[in-house]
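Please take a moment with the sequence and the model before we go through the packing together.

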Amino acid sequence: MLKIISIAIICAIIILYLRNINAELALLASIGAGIIIIFYATEYLYTTFSFINKIINLSGIDKEYYTIIFKITAIGYIVEFASSTVNDFGLKSLSDKITFAGKLIILTTSLPIFYAIFNLITGLLL
């Protein structure tokens, strides 16, 4: 975690310096810094996925629902990253449209979970 924070602070200083010299270079440095930070953050994914896989095996719930939850989470992170990047380019309206499209995709992806919950509730009531 300290590695990511250190890289972020160093990149922020470089970007602020470049912003005074050349705005286009600062934008490219900002994109590069984002990619580097995401690369280092993916190291934590293995630990997270192995822990969640243990929980899935112990719970006995269908693995299909966990796959859907992972997809929804991934879509959320990707949309947030894309929206923030486009917003950094100064395109706020396009950023809002990306966020809206992401919400629609998440809603569509989560429909099987809604269906399962609906079946569970109707099964309990009948």
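This is a predicted model: local features need pLDDT of at least 70, side-chain atom pairs count only at pLDDT 80 or more; totals for chains, interfaces and linings use all residues.

Alanine 33 is in contact with Cys11 and Ile15, leaving aside its neighbours within four places in sequence; contact here means heavy atoms within 4.5 Å. Residues are numbered from 1 along each chain as its sequence is written, and side-chain values use heavy atoms, with hydrogens and water left out.

Which residues make up the largest nonpolar core? There are 6 residues in it: Ile7, Cys11, Ile15, Leu18, Ala26 and Ala33. By nonpolar core I mean a set of buried Ala, Val, Leu, Ile, Met, Phe, Trp, Tyr and Cys residues joined through side-chain atoms within 4.5 Å, where buried is under 20% relative accessible area, exposed is over 50%, and partly exposed lies in between, with a 1.4 Å probe and protein chains only. The elements giving two or more residues to this core are α1 and α2 (23-41), and α1 gives the most, with 4 residues. Helices here are DSSP runs of H or I of at least four residues, numbered from the N terminus.

Helix α1 (residues 2-21) also holds leucine 2. Leucine 2 counts as exposed because its relative accessibility is 67%. Its C-alpha atom is separated by 28 Å from that of lysine 71, 69 residues apart along the chain.

I turn now to the loop between α4 and α5, where phenylalanine 89 is found. With a relative accessible area of 40%, phenylalanine 89 is partly exposed. Not counting residues up to four places away in sequence, phenylalanine 89 touches Leu27 and Ile31. The C-alpha atoms of phenylalanine 89 and leucine 27 are separated by 7.8 Å, although these residues are 62 apart along the chain.

Next, the helix pairs. Two packed helices are described by the angle between their axes and the distance between the axes. The axes are lines fitted to C-alpha atoms, for helices over the stretch in contact, with angles from 0 to 180 degrees between N-to-C directions.

How do α3 and α4 cross, and at what angle? The axes of helix α3 (residues 43-59) and α4 come within 10 Å and cross at roughly 150 degrees. That makes α3 roughly antiparallel to α4; the cut-offs are under 35 degrees for roughly parallel, over 145 for roughly antiparallel, 65 to 115 for roughly perpendicular, and oblique for the rest. On the α3 side the contact is made by Phe49, Ile52, Ile56, Asn57 and Ser59, and on the α4 side by Lys63, Tyr66 and Phe70.

For helix α4 (residues 63-88) and α6, the axes come within 9 Å and cross at roughly 140 degrees. The pair is therefore oblique. Here Tyr65, Ile68 and Ile69 in α4 meet Pro112, Ile113 and Ala116 in α6.

Finally, helix α5 (residues 92-109) and helix α6 (residues 111-125) have axes that come within 4 Å and cross at roughly 40 degrees. This makes α5 oblique to α6. Leu107, Thr108 and Thr109 of α5 make the contact with Leu111, Pro112 and Phe114 of α6.
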